[in-house]
Amino acid sequence: MIQISNLTLAYGDKLVLDRFSLTLPDTGVTVLSGPSGCGKTTLMRCIAGLERPQNGTVSGIAPSETAFLFQEDRLFPWRTVEQHLTDVLPKSRRGEADRWLALAGLEAEKTALPAALSGGMKRRLALVRALALGGKLYLLDEPFTGVDGDRIKALMAALKELGAPVVLSSHEGLVRSLADQVINLDGPPLRRLPGP
């Protein structure tokens with residue numbers, strides 16, 4: 001289990017996390033659902049070690065064991081679609097690039113540069129790059145922005161087969177319906193809402 005205990009984090013006068021605690025399951029896909037700006041991204045950044053809270057702890061996972069997908073695609077303009085994958089795959093796993101390209105529906109774009117891709121294609125590439133990186137925990141911030149429903153279904157099925165817990169933020173009803181667990185949140189400061 002990944003245990004988040006009494007996290008407190010403020011940006012200046014804005015209190016985003018106030019003694020926030022949560023236990024995350026160590027299997028399946030968990031969706032963090034809540035309005036923009038409530039603190040979901042800050043929480044995930046704390047779990048990944050990208051933000052240092054003023055108080056509190058995260059146990060059960062080390063930052064080096066996480067794979068993180070940012071809200072921004074963060075693609076390199078000078079690298080092809082395929083190179084974005086081979087850049088993160090160790091030499092022994094470079095052959096997996098085609099499998100990840102197929103999952104993203106980008107086989108025909110493997111030699112293209114990001115400038116030639118649509119917004120949804122860029123998002124899918126950023127997502128499968130994070131998945132190819134691997135980890136004991138996947139933290140995915142709004143992974144399906146601009147992605148169509150059929151592709152979301154295929155990608156959610158793939159997330160469930162990773163063999164590691166996935167925590168993602170999303171507002172989309174389809175994503176919530178396909179998740180193993182949904183945690184409803186509000187804020188700031190971030191708080192868990194009652195209910196399923």
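Q: Which residue follows H4 and has a positive phi?
A: This is a predicted model, where local features need pLDDT of at least 70, side-chain atom pairs count only at pLDDT 80 or more, and totals for chains, interfaces and linings use all residues. Residues are numbered from 1 along each chain as its sequence is written, and side-chain values use heavy atoms, leaving out hydrogens and water. Helices (H or I, at least four residues) and strands (E, at least two) are DSSP runs, numbered from the N terminus. With a positive phi, near 80°, the residue that follows H4 is Gly134.

Q: How far apart are the end C-alpha atoms of H4?
A: The expected span of a helix is 1.5 Å times one less than its number of residues. H4 has 15 residues, so it should span 21 Å. The model agrees, with its end C-alpha atoms apart by 21 Å.

Q: How many residues of H4 are buried?
A: Buried means under 20% relative accessible area, exposed over 50%, and partly exposed in between (1.4 Å probe, protein chains only). The buried residues of H4 include Gly120, Arg123 and Leu131. H4 is largely enclosed by the rest of the structure, because its buried residues number 11 of the 15.

Q: Which residues does Leu159 contact, leaving aside its neighbours within four places in sequence?
A: Leu159 is among the residues with the most contacts inside the largest core. Contact means heavy atoms within 4.5 Å. Beyond those sequence neighbours, Leu159 touches Val29, Leu131, Leu140, Phe144, Val166 and Leu168.

Q: Which residue forms a salt bridge with Arg79?
A: A salt bridge is a side-chain nitrogen of Lys or Arg within 4 Å of a carboxyl oxygen of Asp or Glu, and the count here comes to 12. Arg79 is partly exposed, with a relative accessible area of 24%. The closest N and O atoms of its pair are 2.7 Å apart, and the partner is Asp87.

Definitions and conventions
A nonpolar core is a set of buried Ala, Val, Leu, Ile, Met, Phe, Trp, Tyr and Cys residues joined through side-chain atoms within 4.5 Å.
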